[in-house]
Amino acid sequence: MEKKKELSFTEGSVAGSLIRFAIPVLGALILQAAYGAVDLLVIGMFGDASSISAVGTGSTFMNMVTFVITSLAMGATVTIGRHIGEERPDKAGDAVGTTIIVFVVTGILLTILLEAAAAGIVTILQVPAESVAKTITYLRICSGGILVIIAYNVISSILRGTGNANLPLLFVGVACVVNIICDFLFVGAFKMDVAGAALATVLAQFVSVLFSLYFMKRRDLGFTVTQKQIRVNRTEFRYILNVGVPIALQETTVQISFLVINSIINGMGLMPSAGYGVAQKVTAFIMLVPSALMQSVSAFVAQNIGAGKKQRALNGMVSAIIGGTAVGILMFCLGFFAGDTLSSVFTSDQEVIAQSFAYLRGFCFDCILTCTLFSFIGYFNGRGMSTPVMIQGIVSALCIRIPVSLFMSRLVDTNLTKVGLAAPISSVFGIIFFLIVFFRVQKREKLRQDMI
């Protein structure tokens, strides 16, 4: 059996530990965004604007489903990380066994629901008439592979809870290579258009899941899962849900808000719809650093809270904010000044590129803000305090992001730049909200210590 190489967050340099963990997490996210972007890239090469719109809208919806699954799985990441910090591998095994059962059931229910609701989803999203049939096809094929998508993301969440970010990077690399090959084969050679892009995505993740199961059986992860443990352990189930459900509800609301924005933009016409689809792929890359920070801080904080090192957990969040903001400024510059160049990677249609660039100019201010916002989210998630995260996400989405987007879309002579500003405006609220919560928690804990 291969020697255990999981990273301990409870010792050594705070910044060094975060960087060593965040780099492979970021690499995995880059590759994951890459194989998602390849679908649109290849469709842009071999299809038309209606195909671009269909893949853009369909992938946005499936990304929402994936984000919700990953958010729910964060409950497993935090639970396992805490048990690793407590040096209780048996409890970590119980958590993994519970996670397997929970997500198998979730996958079966989601498959049935999404297959039945595909046509209704397209109607709700106000997909342009030229893209309706293609969007339904994309959604139904991806929905048929939802169990694979769930397995793919849950395995990565479990590994990150142990402090291992290298294996998820390897697995997503496999998926990326398979997806690129299949995209050019199905879409380019076989002329399967949108259906080929969807099939390539599902097949790539299926191969990656098989690959990951093979490697995990041959590696010491710091805990074992026996057949007896593959059941619902009530204690672990409650903790996973207590952490994961609020995060999932928050992410669901956030993603629904982006779908509503997608619907608003779809109502503006085919070209804005296609441009927004391209812009979403660009922003997927631009926002990778904040996403990597959130996952890294969650795992870091969970292990240190489990080990009783609250100050070290706090230092990890501060380090993530400082380092992430520096990178966020660079990402802002790319989006604001070179968004047209980035958009041209996905399509040669100049009108679609112009629409994408317009959206990016408004959205990219969020690059600077989200490194702070996501670091706070990672900190509270890692501490198991996911209720404030849920409240912030729901209020930001329903009371700020959607209303601002709708207001901007109805202005005289509006454009996608104005609609794109809704994201950074909602992030400003989120940061203020978390600062208030953070200082209240710090004050409460200080009073508690003084009483002792």
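Visitor: Is Arg410 buried or exposed, and how should I read such a label here?

Guide: The model is a predicted one, and the label rests on relative accessible area, where a value over 50% counts as exposed and one under 20% as buried. Arg410 has a relative accessible area of 65% and is therefore exposed. This arginine sits in the loop that joins α14 (386–409) to α15 (416–420), and its C-alpha atom is separated by 22 Å from that of Val122, a residue 288 positions away along the chain.

Visitor: Where is Val96 placed, and which residues is it in contact with beyond its sequence neighbours?

Guide: Val96 belongs to helix α3, and at 5% relative accessibility it counts as buried. Once the neighbours within four places in sequence are set aside, Val96 is in contact with Ile80, Ile158, Phe223 and Val225.

Visitor: What label does Ala284 receive, and in which helix is Ala284 found?

Guide: With a relative accessible area of 32%, Ala284 is partly exposed, the label used for values between the two cut-offs. Ala284 is found in helix α9, which covers residues 270–286. Between the C-alpha atoms of Ala284 and Thr414, which are 130 residues apart along the chain, the separation is 24 Å.

Visitor: Turning to the whole chain, how many helices and strands are there?

Guide: The chain contains 16 helices and 0 strands. Its radius of gyration is 21 Å, close to the 22 Å that the globule rule gives for 452 residues, so the chain is as compact as a globular protein of that length. Taken along the principal axes, the box filled by the C-alpha atoms is roughly 65 × 45 × 35 Å.

Visitor: What share of the residues is buried, and what share of the contacts joins residues 24 or more positions apart?

Guide: Of the 452 residues in the chain, 59% are buried. For contacts, the count takes those with a separation of 6 or more, and residues 24 or more positions apart account for 84% of them.

Visitor: How should I read the packing of two helices, and at what angle do the axes of α2 and α8 cross?

Guide: One reads the angle between the N-to-C directions together with the distance between the axes. The axes of helix α2 (residues 49–85) and helix α8 (residues 234–266) come within 8 Å and cross at roughly 160°. Since an angle over 145 degrees counts as roughly antiparallel, that makes α2 roughly antiparallel to α8. The crossing of these two helices is right-handed, and the residues of their contact comprise 17 nonpolar, 12 polar and 3 charged.

Visitor: Which residues meet where α2 packs with α10?

Guide: Here α2 packs with helix α10 (residues 288–306) at an angle of about 35°, their axes being 6 Å apart, and the crossing is right-handed. From α2 come Met74, Val78, Gly81, Arg82, Ile84 and Gly85, which meet Gln295, Ser298, Ala302, Gln303, Ile305 and Gly306 of α10. Sorted by class, this contact has 5 nonpolar, 6 polar and 1 charged residues.

Visitor: What are the angle and the axis distance for α14 and α16?

Guide: The angle between α14 and helix α16 (residues 422–451) is about 150°, with the axes 9 Å apart, and the two helices are therefore roughly antiparallel to each other. Their crossing is right-handed. Among the residues that make the contact are Val389, Ile391, Val395 and Arg401 of α14, together with Ile425, Phe429, Phe433 and Phe434 of α16. The contact of α14 with α16 divides into 13 nonpolar, 5 polar and 1 charged residues.

How values were computed
Residues numbered from 1 in each chain as written. Predicted model: local features only at pLDDT ≥ 70, side-chain atom pairs only at ≥ 80, totals over all residues. Heavy atoms only, no water. Axes fitted to C-alpha atoms, helices over the stretch in contact; angles between N-to-C directions. Helix = DSSP H or I, 4+ residues; strand = E, 2+ residues; numbered from the N terminus. Parallel < 35°, antiparallel > 145°, perpendicular 65-115°, else oblique. Left-handed = near helix turned anticlockwise from the far one by under 90°. Nonpolar A, V, L, I, M, F, W, Y, C, P; charged D, E, K, R; others polar. Rg over C-alpha atoms; globule rule 2.2 N^0.38 Å. Buried < 20%, exposed > 50% of the residue type's maximum accessible area, 1.4 Å probe, protein only. Contact = heavy atoms within 4.5 Å.
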